[in-house]
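I'd like to walk you through one fold today, so let me put it up on the screen.

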Amino acid sequence: MTSATLPQAAPTTRRPSRRRAGAFAALALAAVMLFAACTPEANRTADLINQERAQRGIPALQFNTMLYLKAQGWADHLSRQGHLSHSNLTNDNWSTTWRKLGENVGVAGSIEGAHQAFMNSKGHRDNILDRGFNKVGTGVTRGADGRVWVVHEFMYE
């Protein structure tokens, strides 16, 4: 009687179905396109926030697409409305895991002017420097009159 050694079976790895792979690819592409759609002005505003935090040894806030969409929508709304007001923070809030929300709204002649005004205001500065937030989305709209409407949406998740 002879014995033979059987080759060991390789671990089974399931290949995703073409439908699932296609859906994943479409979702990834949409996320990349959405991030690319974030305006340079919104990116600049978020950079200014994180520069202030870095100067004080506070961790940077992570960009959040849904907060960006809310902030940009509210900045557009404020520009059309022509005066400042706060949104209802829990409206359009897609995340059920948030623990803390905050918002800054402002209008100025430039992004830097709005940022300086936020930093000169205790309540707005407190939001920007709050260690209790870990995510941010910013929106910027230039009105027909040239004024810049800026919205910061903050979240701790």
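So, the protein has 5 helices and 4 strands, where helices (H or I, at least four residues) and strands (E, at least two) are DSSP runs numbered from the N terminus. Read from the N terminus, the order is α-α-β-α-β-α-α-β-β.

Quick housekeeping. This is a predicted model, where local features need pLDDT of at least 70 and side-chain atom pairs count only at pLDDT 80 or more, while totals for chains, interfaces and linings use all residues. Residues are numbered from 1 along each chain as its sequence is written, and side-chain values use heavy atoms, with hydrogens and water left out.

Some overall numbers, then. Of the 157 residues, 36% are buried; buried means under 20% relative accessible area, exposed is over 50%, and partly exposed is in between, with a 1.4 Å probe and protein chains only. Taking contacts between residues at least 6 apart in sequence, 68% join residues at least 24 apart, a contact being heavy atoms within 4.5 Å.

Two strands count as paired if DSSP finds at least two bridges between them.

Let's go across it. Strand 1 and strand 3 are parallel, over 2 bridges: Gln62 is opposite Lys135, and Phe63 is opposite Val136. Val136 also has a bridge partner in strand 4, namely Phe154. Strand 3 and strand 4 pair antiparallel over 8 bridges. They make a hairpin with 5 residues between them, and Gly146 in the turn has a positive phi of about 90 degrees. Then strand 4 is joined to strand 2 by 9 bridges, again antiparallel, with Glu103 facing Glu153 across that pairing.

How covered are these strands? For strand 2 the count is 7 of 9, so it is largely enclosed by the rest of the structure.

Which of its residues are buried? They're Ile111, Ala114, His115, Phe118 and Met119. They cover an arc of only 135 degrees around the axis, which puts them on the same side of helix 4; the arc is that of the directions from the helix axis to the C-beta atoms. What they pack against is helix 2 (40-55), strand 2 (100-108), helix 5 (122-129), strand 3 (135-142) and strand 4 (148-156).

That takes us to the cores. A nonpolar core here is a set of buried Ala, Val, Leu, Ile, Met, Phe, Trp, Tyr and Cys residues joined through side-chain atoms within 4.5 Å. The largest has 17 residues, and those with the most contacts inside it are Ile49, Leu61, Ile128, Val150 and Phe154. Helix 2, helix 4, helix 5, strand 3 and strand 4 each give two or more residues to this core, and helix 4 gives the most, with 4 residues. Apart from this core lies another, of 7 residues, among them Ala75, Leu78, Trp149 and Val151.

Back to Ile49 for a moment: beyond its neighbours within four places in sequence, Ile49 is in contact with Leu61, His115, Ile128, Val136, Thr138, His152 and Phe154.

Last stop, Asp130, in the loop between helix 5 and strand 3. Is Asp130 buried or exposed? Asp130 counts as buried, at 19% relative accessibility. Not counting residues up to four places away in sequence, Asp130 touches Arg53 and Lys100. And the C-alpha atoms of Asp130 and Tyr156, which are 26 residues apart along the chain, are separated by 10.0 Å.

That's my tour, over to you.
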